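Colleague: Hi! I'm new to this one, could you walk me through it?
Modeller: Happy to, let's bring it up.

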Amino acid sequence: MGRRKLRQRQAEEIVKKRQSEHFSLQTLRGMRDIYAHEAEEWVKVRRAVDEMAERFSFNYLETPILENLRLYLRNNKESFSVVNKEMYTFETRGGDEVALRPEITPSIVRAYLEDGMQSWRHPVKLYTFGSIFRYERPQEGRYRQAHQIDFEMIGVESSIAEAQLIQTAFAILRKLGLEDVIVEINSLGCRDCQREYQKQLKRYFSRVKPKLCEDCKRRMQKNPMRVFDCKEEKCQQELAEAPLIMDNLCKACNKHFKEVKEYLDSLAIPYRINVKLVRGLDYYTHTVFEIWKEGDEVSRQNALGGGGRYDHLVEEFGGKFTPAVGFAFGMDRLVAEMMKKKKKRGESPFVFLAQLGDKSRHQALKLFENLWEAGFPVRESFTKTSLRTQLKIAKQEKIRWVLVLGYKETIDESIIIRDQKLGLQQIVSQKELVDFLKKQRKIEEKETKELEKNRQ
Ligand code: HAM
């Protein structure tokens, strides 16, 4: 090869390399697609949430993902909450400063004021699903685009609101089969309690300041209570003797918190008081809570959800004094828990419907619908004509019961049932099919329960 040609080829390779470096067809760091098995659980969570929202009379709403930056700033400049330093912000072509929402509560409060919900019967109970964006360091269970299920009750002072919200959260968890969970609760008191307490806390901090990390020193200035959130072992040791808000609540705040606990007792909801729980958002007063998978609260990694009372947010947004309370689940984290459970159970769709020949394909379409109506999750591959391929797919999906509809079965309205686990096969009439499957399902449920018992 001549020297000129060689140089030309080398130049082409450099351009190619640069192009591939600059443009990669991948999701951004901390963001991901939700598909396949995870998507199935995703849909289940949405369904459970919709059902429970209806049971507890929450109205669905949707708010934009992009909001005016000022929604997240206190007095138009200072950061309104700790997540705000992690915000995705930019200036639009029209010169507006906007932000991808780092949480949904401020949008809902804005909507409450903007859309005239003040004139609705109170409390106004709202719920929504949606993406939130936080420029955090991605790790397991922590994403830059995460998804929340958000519930808010606006215009309610009574402590029963906290209990109802936690009851709603637990009803969702129960519906999803996630039962080994616990609520941690604390009271941050009213604004007066907080003011007094913060003075005490600052006095305490001035003594231990040199031993605290830089982050804590910064927090001490802005919101001293957030120092309790620090994960540094050294700081935690210095804070061991710090005064606690719980010991500094006024009579009314004490009464409110006592009532919340009594309601939780009546509901038999497992809770633990965590006197150092302050939450990462500045707007909370009175009750704050977090929901943890039992055991995870020790590492403080990946709470399933959290919330609390924010009695002054409506006022800060320009409305009249309107107490409110809410919480949000992390959808990604609920789904991750469901995936873990599913993996343990080895669960897969109950039946696979295979067909052979044109005529049976017509009947299979209808039968597919009937089986779903009867409550049986069915998989199929109607676009495939080869029985072997269909059986292979059923095997890959680990489905035990395979129904085969051939020409003969279509004519005499019967169906072949193959038990992939035991390698047995039998023919039943299509009329008896649902009863047969129901019986099998009962047997399998019993077997699974016994297996779980033995494992424990
Ligand atoms: P939060 O504690 O910041 O509260 O978020 C609630 C839940 O969202 C967390 O417990 C977690 O499950 C999930 N979550 C948050 N950030 C991420 C992330 N980067 N990756 C995965 N999951 C995440 C709030 O956002 C408040 N607005 C809740 C509230 C509603 N308070 C009153 N009303």
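Colleague: Leaving out residues up to four places away in sequence, which residues does Glu 136 touch?
Modeller: Glu 136 touches Glu 86, Arg 142, Tyr 143 and Arg 144, where contact means heavy atoms within 4.5 Å. A word on the basis: this is a predicted model, in which local features need pLDDT of at least 70 and side-chain atom pairs count only at pLDDT 80 or more, while totals for chains, interfaces and linings use all residues. Residues are numbered from 1 along each chain as its sequence is written, and side-chain values use heavy atoms, with hydrogens and water left out.

Colleague: And where is Glu 136?
Modeller: Glu 136 is in the loop between strand 7 (124–133) and strand 8 (145–154). Strands (E, at least two residues) and helices (H or I, at least four) are DSSP runs, numbered from the N terminus.

Colleague: Is Glu 136 buried or exposed?
Modeller: Glu 136 counts as buried because its relative accessibility is 18%. Buried means under 20% relative accessible area, exposed over 50%, and partly exposed in between, using a 1.4 Å probe and protein chains only.

Colleague: On to the ligand, which residues come nearest?
Modeller: Of the 28 residues around the ligand, Glu 103, Thr 105, Glu 136, Tyr 143 and Tyr 284 come nearest. A residue counts as near if one of its heavy atoms lies within 4 Å.

Colleague: What lies 3.3 Å from a nitrogen atom of the ligand?
Modeller: That is a polar side-chain atom of Tyr 283. A nitrogen atom of the ligand is also 3.5 Å from a polar backbone atom of Gly 326, and one is 3.5 Å from an N or O atom in the side chain of Arg 333.

Colleague: How much of the ligand's accessible area does the protein cover?
Modeller: The protein covers 95% of the 660 Å² that the ligand has on its own, by the Shrake-Rupley method with a 1.4 Å probe.

Colleague: Which strands each supply at least two residues of the shell?
Modeller: Strand 8, strand 12 (305–309) and strand 13 (324–330) do.

Colleague: New topic: which residues are buried in helix 6?
Modeller: In helix 6 (residues 214–222), Cys 216, Arg 219 and Met 220 are buried. They sit on the same side of helix 6 because they cover an arc of only 105 degrees around the axis, taken from the directions from the helix axis to the C-beta atoms.

Colleague: What is exposed on the other side of helix 6?
Modeller: Glu 214, Arg 218, Gln 221 and Lys 222 are exposed there. The cover over the buried residues of helix 6 includes helix 5 (191–208) and helix 7 (233–238).

How values were computed
A polar contact is a pair of N or O atoms within 3.5 Å; within protein, one must be able to donate a hydrogen and the other to accept it, and residues adjacent in sequence count only if both atoms are side-chain atoms.
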